[in-house]
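Student: I would like to go through this model and ask what stands behind each label. Please set each value against its definition.

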Amino acid sequence: MRTSFVSTVLLVAGIAALGVVASFAASSDTTLKGGDQLRVACGGTQLTTTRIDAKTIMARCVAAASPSATATAIATATATSSPTPTTVAVLPTSTATASPTLVPGGATTLAGCPVFPSDNVWNQDVSHLPVDPRSASYIANINAGRQFLHADFGSNPTYGIPFVVVPSNQPNVPINFTAYGDESDPGPYPVPGNAPVEGGSSSSGDRHVLVLQQGVCKLYEMFRAFPNGSGWNADAGAIFDLRSNALRPAGWTSADAAGLPILPGLVRFDEVAAGQITHALRFTVSRTQRAYIHPATHWASSSTDPNLAPMGLRLRLRADFDTSHFTGEARVLLEGLKKYGMMVADNGSDWFITGATDPRWNDTDLNQLKTVPGSAFEVVQTGTVVK
């Protein structure tokens, strides 16, 4: 939502080819030769697969009732690049997902790319930062609309924001900007014609399209995107180098009203299944002020009320909030909010946390978040309020 006042597993379901069978103990890895096949079986647990890069696939056995992985096998085999996009938990026909991997500094990688450097603000542990003097006022204003958390994602395939991973040789297509071209990074972008759209192809909502390109590790995001035959029409678009800490130019929007990237702030199923979130999350509030805090670069309000949240405001779940009775996916998310918090990214429903589209979400688990009050949060000081 935007109001602007500034212009394969080689599942290899099969028997071994060439008489070769590879079997693995938990968390082992190996390298296969061309022609080899790998068969992985999970005893009573769910098998998930992840394409790490062009030559590596990860298979995990994940217990249905637990976020922790019970076995991991990494198989490396010969693969050739193809312009066909690798879909990440977005298209109905897809089973491949991109799983984050912890790297030194506490950051994550996605599809072989860092999700910004380890010292990036998105990856910052904010559990020990001082509380903002206006914290109580900010929280009270958000609570005036809604008082409890809400997962703005779930098992419904049209719920949440999808993203797609494409190879380094994905063809570029022209992008025609229809509203915020002067604050958008010009095309072309490597966006396939069948890239998933937030809310589905017939959606009348924000219609975000997110594309991560492997190899070059750049993120391409669009707002209100519509395929036009040869390329895409979009209200706004932004390109982020995931190996860089560079921000958008001051005053510029992105595919998000705050000028922030969207993908780094999504709750992703595989990271929750792996047992931890290691970055800040994205959430919305209904009323914001005409101000922002870096890494945000854009406001979407005319209000000068200093008690309304500026874009980029960082909140964390209080350390004394008892999470012991929460289970599964909700528990992992809440523990992540204590350490990394969440940032105001757009005008929308109060306390709505954004996640990636994935049919594997457990809605019963996620519904536990509806019992977490906004009063359990506090605002932390992360930088100067730019007005």
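Student: Which residues does S168 touch, not counting residues up to four places away in sequence?

Tutor: S168 touches Q213, Q214 and G215. Contact means heavy atoms within 4.5 Å. This is a predicted model, in which local features need pLDDT of at least 70 and side-chain atom pairs count only at pLDDT 80 or more, while totals for chains, interfaces and linings use all residues. Residues are numbered from 1 along each chain as its sequence is written, and side-chain values use heavy atoms, with hydrogens and water left out.

Student: Where is S168 found?

Tutor: S168 is in the loop between β11 (163-166) and β12 (175-177). Strands are DSSP runs of E of at least two residues, helices are runs of H or I of at least four, and both are numbered from the N terminus. S168 and L212 are 44 residues apart in sequence, and their C-alpha atoms are 9.5 Å apart in space.

Student: Why does S168 count as partly exposed?

Tutor: Buried means under 20% relative accessible area, exposed means over 50%, and partly exposed is in between (1.4 Å probe, protein chains only). S168 has 44% relative accessibility, so S168 counts as partly exposed.

Student: Why is R316 called buried?

Tutor: R316 has a relative accessible area of 7%, and therefore R316 is buried. R316 is found in strand β19 (residues 314-317).

Student: What does the side chain of R316 reach at 2.6 Å?

Tutor: The side chain of R316 reaches the backbone oxygen of V126. A polar contact is a pair of N or O atoms within 3.5 Å; within protein, one must be able to donate a hydrogen and the other to accept it, and residues adjacent in sequence count only if both atoms are side-chain atoms. The backbone oxygen of S127 lies 3.4 Å from a polar atom of the R316 side chain. Leaving aside neighbours within four places in sequence, R316 is in contact with residues including H128, L337, E378 and V380.

Student: Which peptide bond has omega near 10°?

Tutor: The bond from G187 to P188, which is cis. P188 is in the loop between β12 and β13 (209-213). A cis peptide bond also joins H294 and P295, with omega about 20°.

Student: How much space lies in the largest cavity?

Tutor: About 90 Å³. Of the 13 residues that line the largest cavity, the closest to its centre include F116, A246 and P295. The lining has nine nonpolar, three polar and one charged residues.

Student: How high is the average pLDDT of the protein?

Tutor: The average is 81, and 72% of the residues score at least 70. pLDDT is the predictor's confidence in each residue, from 0 to 100. Over residues 4-30 the pLDDT is below 50, and over residues 62-105 pLDDT stays under 50.

Methods. On a 1 Å grid over the protein atoms alone, a cavity is a set of points where a 1.4 Å probe fits but cannot get out, and a pocket is an open set with protein on both sides within 12 Å along at least five of seven lines; lining residues have an atom within 4 Å of a point. Grid points are joined across faces, edges and corners, and a volume is the space filled by probe spheres set on the points. Ala, Val, Leu, Ile, Met, Phe, Trp, Tyr, Cys and Pro count as nonpolar, Asp, Glu, Lys and Arg as charged, and the others, Gly among them, as polar.
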